[in-house]
Amino acid sequence: MAVRHRLIKTDPSVVWDVIADGSRYADWVVGTGASRPSRGRWPEKGASIEYEVPLGPWRLSNETIVRRCEEGRQLELEILAGPLGTARFSIELREWGEHCLVIADEHPLQGAGGALHNFGAEAVIQLRHRTMLARLARCCEEQGEKEAEQAEQADQGHEPAARGLGVQESPGHA
C-alpha cells in the first residue's frame, strides 16, 4: 500500500474545497486530463467523474467513483482504469494547528494492477503521490492566499478582487 502525507499550509476547509471540486481533479491528480462530471454530484457517494489519461499517442478514458465521503474530512475513491484494473484511493484531511495534514493512501483492487503489484510498482506510486501532493498543496495554498486577500480587502472597505474593481468605498455608503 502506498501511503504518503504532506502538510499543506492552509486551512483544511480550503483543501476540502479543492478536492471536492470535480472540475479541478486534473489540477492536482498526476497523469489526468480535463475532468468532467459523469453522474451524480461530486463528491457525494456514488458520484463519478470521467477524464482522459494521455499515454503517448493514445488516450485512455478513465472514471473515478466516490465510494465514501465524510465531508471536510475524507474522500475514498475507486479508480476504474480500463485494462489496468481498479484501485482504491483515499485522501484524508486532518487539522494540524492552522494547517492541514493530508494523507493519501492507494492500493490496487482488481485486474492487472493488482496482479502486477510489487515493490517497483509501489515505488512508482510513491513518486506519483509525492508529485500529486505537491500539486495539491500549490492549488490549495494559492486558493487560501486569494481568499485571505479578498477577506482583507473586504475588512478594509475595498471591493473584493473577485468583483473586479478594488475601489475603496466611502464611509457610510453602500
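A: **The aromatic cluster**

Tyr25 has a relative accessibility of 3% and therefore counts as buried, a term applied under 20% relative accessible area, with exposed meaning over 50% and partly exposed lying in between (1.4 Å probe, protein chains only). The model is a predicted one, in which local features need pLDDT of at least 70 and side-chain atom pairs count only at pLDDT 80 or more, while totals for chains, interfaces and linings use all residues. Residues are numbered from 1 along each chain as its sequence is written, and side-chain values use heavy atoms, leaving out hydrogens and water.

Rings of Phe, Tyr and Trp (its six-membered ring) pair if their centres lie within 6.5 Å; planes under 30 degrees apart count as stacked, over 60 as edge-to-face and the rest as tilted. By this rule there are three aromatic pairs. The ring centres of Tyr25 and Trp28 are 5.8 Å apart with planes at 70 degrees, so this pair is edge-to-face. Tyr25 and Tyr51 have ring centres 5.2 Å apart and planes at 40 degrees, so their pair is tilted. This second pair links distant parts of the chain, since Tyr25 lies in helix α2 and Tyr51 in strand β3, 26 residues apart. Tyr51 counts as buried at 2% relative accessibility. Ring pairs join Tyr25, Trp28, Trp42 and Tyr51 into a cluster.

Notes
Helix = DSSP H or I, 4+ residues; strand = E, 2+ residues; numbered from the N terminus.
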